[in-house]
Amino acid sequence: MKEAQIYKDRRYRINELRAKNEKMTSRERCLKAINFEEPDRVPIDNWMVPEIKKRCMEYWGCENEEELLAFLGVDVRDNYGPSYVGQEFKTFDDGTVADLWGVRRKVVTYGKGTPHEGTFKEVAWSPLEHMTTVEEIESYESWPSPDWWDYSKVKAECAYWHPQYFVLNKGDRLDRTAQLKPMMYLRGIQQTFIDLIRNPEIVVCIRDHIVNYFVEYNPKVFEAGGGEIDMFMMGDDMGGQRGPLISVDMWRKYFGEAFRKYCDIAHKYGLKVMYHTCGDVYQLIPDFIANGLDMLQSVQPEATNMDIKRLKQEFGKDLSFQGGMSIQQVLPLGTTEDVRKMVQYAADSAKRGGGYIFGTAHNIQADTPIENVAALFEAYHEYGVY
Amino acid sequence: MSTLKTLSEYVEQGKGKEARALAQKLLGENISADRIVQEGLIAGLDAIGERYSRFEAFVPELMVAGMAAQEVLEVLRPKMTHGTLHKTSGTVVLGTVEGDVHDVGKNIVAMMLEGGGFKVIDLGVDVPVAKFLKEVKYQEADILALSALYSPTRLAMKETIQALKDEGIRDKVKVMVGGAPIDQAFADLIGADGYAPDAPQAVKLAKNLIG
């Protein structure tokens, strides 16, 4: 940590609040929260794009990411599972790079030359997009295999964070346990929406390949974790800004069974399940709960029916939550006072009886002023205390 | 006519093949393309829009309805003078802003605007400000429609509106904006003429902006 006065001054408020409020380890805190007990304060999770992480490290005088997370009081540490030992991901002449599934991506820059410049890896080619039959899809040769991973270091990498921190096993965006998202990467978003109505047999075929991979892969990961994984996270995107992307009936038809399977596998290893989905999934929540979900992540506040107060009231007995902080509106465009009010509202609405972890609805984006990020974390410590 | 109503139902239900075949048949019976657009396409798209607003239809249903409208338009176009609908509701230049490559919502808007009688020039994704400017001028567009899904890219909408002002043509074109991170407050902030939260409402907004 840099010790110049300017950094000490910036760090003061968070240090002061933490010294006053914290009475247990991060791991203890999170375990209480996910088991519907009240810890000392609401636990904190952190999702940030790399550009923001860098600016935060500069702002608070942290030398590296772990110093930043440790200073901010972030309780969750991400574990990405086993190491990839399959064939190297191919790079093509057009600059695209293939991933585990054969989907190709290229780096796209946004906000060139502005303070909010950043990059994103965008899908550039979906290998199954122009196929028209199940036979063609079955002939695709790049389905991944759980044998492409070395599981031997999972336990030690998780144990590294114990006893202090809470270890969340999750893939990164490109290989997180899911159904619809990988399907959209493989087949194209537009074609997938068309398939859901016009080509159900193709939906089922692609889905089964995806599900078969994850139901074989995850037990190997959990087994290798040797009890050192604290929670499992999977993620899909089922919500639009207003309403789910698909109807409840369609979700039940295509995705309910494997959702249940994914939860059952994690539960068999004693792991609760966190599920990321952007958007308004209010109509789907009863089905998520019925199929085994423990914690809903994102709780995107601008999405139509995702007010955290209402969700806690209606579902808080059976479902815990992570998220509720606005990265579309309040954090990038609001004042620091707006940010504080947002945190206070979420804390007041959701912290009673445990079952809540602070988090942003998605990654804090590069268009966010650093003052608002500072206000967010200071407010977490101010309003999260029990 | 009951068969025009049937066509609107085919469009609403996304039955592209049936809609196309019926549109052919109706043209053969000398029903005008304008009537087919009004009572077949627009009626069908309005109906799916209504169901969408009531959470009875979702993105897949909107998508196939838009596609069914496209299939009907393919049949109608050769029958029109000059290869385009001879009486359009207006000209819309449309695209996803620079740095953003998302287009599913934009594509549904484009399909529904065309089905609603507009001439649509879709510039695709990652469209630089200069390209929007050029097309708006060249096409003498009535409306410029900007889309963004990724919140940091929406600031390019502000730059685009500023560029229209700098070019002296801001008052010659109406600007409408949409996409998940867009709301009325943002539209007001950047000086857009309108905002719509989804494709069906985008069509209504476009009609209002033309006036």
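Student: In this predicted model, what percentage of the 386 residues of chain A count as buried?

Tutor: The structure is a predicted model. A residue counts as buried if 20 or more other C-beta atoms lie within 10 Å of its own. Over the 386 residues of chain A, the share that passes is 48%.

Student: Why does the radius of gyration of chain A agree with a compact globule?

Tutor: Start from the chain length, 386 residues. A compact globule of that length would have a radius of gyration near 21 Å. Chain A agrees, because its own value is 21 Å.

Student: What is the average twist from one strand to the next?

Tutor: The sheet is the open one of chain A, with parallel pairing. From one strand to the next, its twist averages 30°.

Student: Which residue of β12(A) is the bridge partner of F321(A)?

Tutor: Strand β11 of chain A covers residues 320-325. It runs parallel to β12(A), and 5 bridges join the two. In β12(A), F321(A) has as its bridge partner Y356(A).

Student: What angle does the direction of helix α15 of chain A make with that of β11(A)?

Tutor: Helix α15 of chain A spans residues 336-350 and packs on the sheet. The helix touches β11 and β12 of chain A. Its direction and that of β11(A) make an angle of about 160°.

Student: Which elements give two or more residues to the side of domain 1 of chain B that touches domain 2 of chain B?

Tutor: Chain B divides into domain 1 (2-83) and domain 2 (91-210). Their centres are 24 Å apart over C-alpha atoms. In the contact, 14 residues of domain 1 of chain B meet 11 residues of domain 2 of chain B. On the domain 1 side, the elements giving two or more residues are α3 (33-53) and α4 (59-76) of chain B.

Student: Which element gives the largest share of the side of chain B that touches chain A?

Tutor: The contact takes 24 residues from chain B and 27 from chain A. On the chain B side, α4 and α5 (104-115) each supply at least two residues. By class, that side has 15 nonpolar, 5 polar and 4 charged residues. The largest share, 6 residues, comes from α4(B).

Methods:
Residues are numbered from 1 along each chain as its sequence is written. Chains are lettered from A and ligands numbered from 1 in the order in which they are written. This is a predicted model: local features need pLDDT of at least 70, side-chain atom pairs count only at pLDDT 80 or more; totals for chains, interfaces and linings use all residues. The radius of gyration is taken over C-alpha atoms; the globule rule is 2.2 Å times the number of residues to the power 0.38. A residue is buried if 20 or more other C-beta atoms lie within 10 Å of its own, exposed if 12 or fewer, and partly exposed in between; C-beta atoms are placed from the backbone. Domain bounds come from an automatic or database domain assignment. Two residues are in contact if their C-beta atoms, placed from the backbone, lie within 7 Å. Helices (H or I, at least four residues) and strands (E, at least two) are DSSP runs, numbered from the N terminus. Ala, Val, Leu, Ile, Met, Phe, Trp, Tyr, Cys and Pro count as nonpolar, Asp, Glu, Lys and Arg as charged, and the others, Gly among them, as polar. Two strands pair if DSSP finds at least two bridges between them. Axes are lines fitted to C-alpha atoms, for helices over the stretch in contact, and angles run from 0 to 180 degrees between N-to-C directions.
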